[in-house]
Amino acid sequence: MDIKEEVLSLKDELVSLRRDFHKHPELGFNEKRTAGIVENYLKDCGLEVKSGVAKTGVVGLLKGKEGGQTVLLRADMDALPIEELNNVPYKSVNKGIMHACGHDGHTAMLLVAAKVLSRHRDEIKGNVKFVFQPSEEKDPGGAIKMIEEGVMENPHVDKAFGLHLGNMIPAGIIGIKEGVMTAEADRFKIEIKGKGGHGAYPHTSVDPVVIASQIVMSLQTIVSREINPINPIVITVGKIHSGDVFNVIPESAELLGTVRTLDKNLAKTIPEKIERIAKNTAAAFRGEAKTEYAFGYPPLINSKEETQYVISVARNVVGEKRVVKTPVSMGGEDMAYFLEKAKGAFFWLGSMNKEKGLDKPHHSAYFDFDEDVMSIGVEMHVKIALGLLK
Ligand SMILES: [Zn+2]
Ligand SMILES: [Zn+2]
């Protein structure tokens, strides 16, 4: 049997693993049931297994027949705080929690890849490290914690690879690009202090709602007036909270937002700009504003040679016409941390199928993907590792 046939022969197992994870989703750093299944499965494959890495992460090590390089393959295991609205036999049984990003598929694909690769141990010169990380969705995620706990050493990881299912790409298409592929994702909070009072007598108050509104609008001038327009940046205020009733001027307001950039150096300049605008806008209206800023996942950068390598493997797996160059995404992805420590690449595996009604966006309560593409993901993992370690 060649690899493709071998992977296809495990399709039922692959689908049932995915559906089981889908039915029992768990939030970041709480993937206990999922991690237990991963741990047992990897042990059954004869791998050395470490569990409890970064709380709920699992690492399986496949040692080849001879020594050599170590290739890391990564999957994320966490779900989202979303109530599933799909009517499928494998619908989430955990209230308010849903695999709405495809991480159930990522975990299933990497498990089956571990099984296939373990059967080819005799052909492997070096090691494959299977990393199942907790909490990708919420920064600070599981990747950085696993790295702090030593996942890139013993044995030292030479190259790292990962994939993400993509419902914005037709099923079976593989998308990748060299260089920056996903954005740095940072967070901020602005607390505005005014002076509460009667809604009918604004002159006796300092209105934090008006201040907050001015700040929201002014923050956009960072994008339009302060940054060279050739550099992409997004500033989104995702939460405004102030007041409880219609006729009272509240005491305070709170804004929460995210900043996305493709360049670490540009990202470093943003906190000063947000703070300056918030503070001085509030002062102009007799209020005060305090800003907190947190840097999140860095930009994900695919190294040149390894990107070319993944493209060559992808052409072998899905054919030349089904490998495309994807645009950069302003989304964040904590695989970026692994790729800061080792050369490697991250790619999209298209999973959208309009005819099957599987075209809802990630993080939607109706998200579901074309399970037929999972065999491609397994084959990619297996061939990426084998090609480098043969
Ligand atoms: Zn997601
Ligand atoms: Zn995701």
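I started where the domains meet: six residues of domain 1 are in contact with eight residues of domain 2. Sorting the domain 1 side of this meeting by class, I found four nonpolar residues, one polar and one charged. A reminder to myself: this is a predicted model.

Next I looked up the domain bounds. Domain 1 is made of two stretches, 3–181 and 299–389, while domain 2 covers 184–294. Taken over C-alpha atoms, their centres lie 37 Å apart.

Then I turned to the inside. Which residues touch the most other members of the largest nonpolar core? They are Leu-73, Ala-113 and Ala-114, in a core of 86 residues. I picked Ala-114 and set aside its neighbours within four places in sequence. Its remaining contacts are Leu-42, Cys-45, Leu-47, Gly-60, Leu-62 and Phe-130. Another core lies apart from the largest one and has 19 residues, including Ala-212, Val-259, Ala-267 and Ala-278. I noted a general point here: in soluble globular proteins, nonpolar side chains tend to be buried together.

My last stop was a pair of helices. H2 spans residues 11–23 and H4 spans residues 103–119. I read an angle of about 145 degrees between them, with the axes 8 Å apart, and the crossing is right-handed. From H2, the residues taking part are Glu-13, Leu-14, Leu-17, Arg-18, Phe-21 and His-22. They meet Asp-104, Gly-105, Thr-107, Ala-108, Met-109, Leu-111 and Val-112 of H4. By class, I have seven nonpolar, three polar and three charged residues at this contact.

Notes. Residues numbered from 1 in each chain as written. Chains lettered and ligands numbered in written order. Predicted model: local features only at pLDDT ≥ 70, side-chain atom pairs only at ≥ 80, totals over all residues. Core = buried A, V, L, I, M, F, W, Y, C linked by C-beta atoms within 7 Å. Buried ≥ 20, exposed ≤ 12 C-beta atoms within 10 Å, placed from the backbone. Contact = placed C-beta atoms within 7 Å. Domains from an automatic or database assignment. Nonpolar A, V, L, I, M, F, W, Y, C, P; charged D, E, K, R; others polar. Axes fitted to C-alpha atoms, helices over the stretch in contact; angles between N-to-C directions. Helix = DSSP H or I, 4+ residues; strand = E, 2+ residues; numbered from the N terminus. Left-handed = near helix turned anticlockwise from the far one by under 90°.
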